[in-house]
Amino acid sequence: MQISEEDFESAVRAALDEVPSELLDMLDNVAFFVEDEPGPEYADPAFSTEENAELLGIYVGTPLTDRDGGWAAGALPDRIVLFRGPLSRMCADIDELREEITITIVHEAGHHVGIDEQRLHDLGWA
């Protein structure tokens, strides 16, 4: 589906309202960003070029479970980045897009709180 930047950001705000508040309350020093497409800086060597090009979102930071007492000294916020291009290409309408954004936010927030990829799949957030 085609969607403007403004409408996509509105969909992100609506999706955030659907994320369980218990999970949002656990986020510590996290900023959300929207980018058009995943760039090479987000490429995972375990994925093919095509798979990296269709990355829906990514968590960039230090999971809560890996932080120690000195972690916060001068630390920039962790980031959850959503990719408008791949998300909008996979969805047929705005309702499906909001749902997929919600799933992506929960998935990436799960990484922030220390949940690994397999467990997120097991929980249905992949």
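# Notebook: strands, cores and salt bridges

I began with the strands and found that E1 (residues 30-35) and E3 run parallel to each other, paired over six bridges. I take strands (E, at least two residues) and helices (H or I, at least four) as DSSP runs, numbered from the N terminus. I call two strands paired if DSSP finds at least two bridges between them.

I note that this is a predicted model, in which local features need pLDDT of at least 70 and side-chain atom pairs count only at pLDDT 80 or more, while totals for chains, interfaces and linings use all residues. Residues are numbered from 1 along each chain as its sequence is written, and side-chain values use heavy atoms, with hydrogens and water left out.

**Strand E3**

I looked up the residue opposite Val 34 and found Leu 82 in E3. I then checked E2 against E3: these strands pair in the antiparallel sense, over four bridges. Val 60 has Arg 79 in E3 as its bridge partner. I also looked at burial, where buried means under 20% relative accessible area, exposed over 50%, and partly exposed in between (1.4 Å probe, protein chains only). Five of the six residues of E3 are buried, leaving the strand mostly covered.

**Nonpolar cores**

I define a nonpolar core as a set of buried Ala, Val, Leu, Ile, Met, Phe, Trp, Tyr and Cys residues joined through side-chain atoms within 4.5 Å. The largest one has 19 residues, and Phe 8, Leu 23, Leu 82, Leu 87, Leu 97, Ile 101 and Ile 105 have the most contacts inside it. H1, E3 and H5 each supply at least two residues of this core. H5 gives the largest share, five residues.

I listed the contacts (heavy atoms within 4.5 Å) of Leu 87. Leaving out residues up to four places away in sequence, Leu 87 touches Phe 8, Leu 56, Leu 82, Leu 97, Glu 100, Ile 101 and Thr 104. Another core, of five residues, lies apart from the largest one and includes Tyr 42, Leu 55, Ile 58 and Val 81.

**Salt bridges**

I counted a salt bridge where a side-chain nitrogen of Lys or Arg is within 4 Å of a carboxyl oxygen of Asp or Glu. The structure holds seven of them.

I found Arg 84 bridged to Glu 5, with the closest N and O atoms 3.9 Å apart. Arg 84 is in helix H4 (residues 84-90) and Glu 5 in helix H1 (residues 5-18), so this pair ties together parts 79 residues apart in sequence. Arg 84 is buried at 16% relative accessibility, whereas Glu 5 is partly exposed at 49%. I also noted a network of salt bridges that links Glu 5, Asp 36 and Arg 84.

I next read the bridge between Arg 67 and Asp 78, at 2.6 Å from N to O. Arg 67 sits in the loop between strand E2 (57-60) and strand E3 (78-83), and Asp 78 in E3, 11 residues apart; the pair links distant parts of the chain. Arg 67 is buried at 16% relative accessibility, and Asp 78 is buried at 4%.

The last pair I checked was Arg 98 and Asp 95, at 3.1 Å from N to O. Arg 98 and Asp 95 are separated by about one helical turn because they stand three residues apart in helix H5 (residues 94-112). Arg 98 is partly exposed at 31%, and Asp 95 is exposed at 53%.
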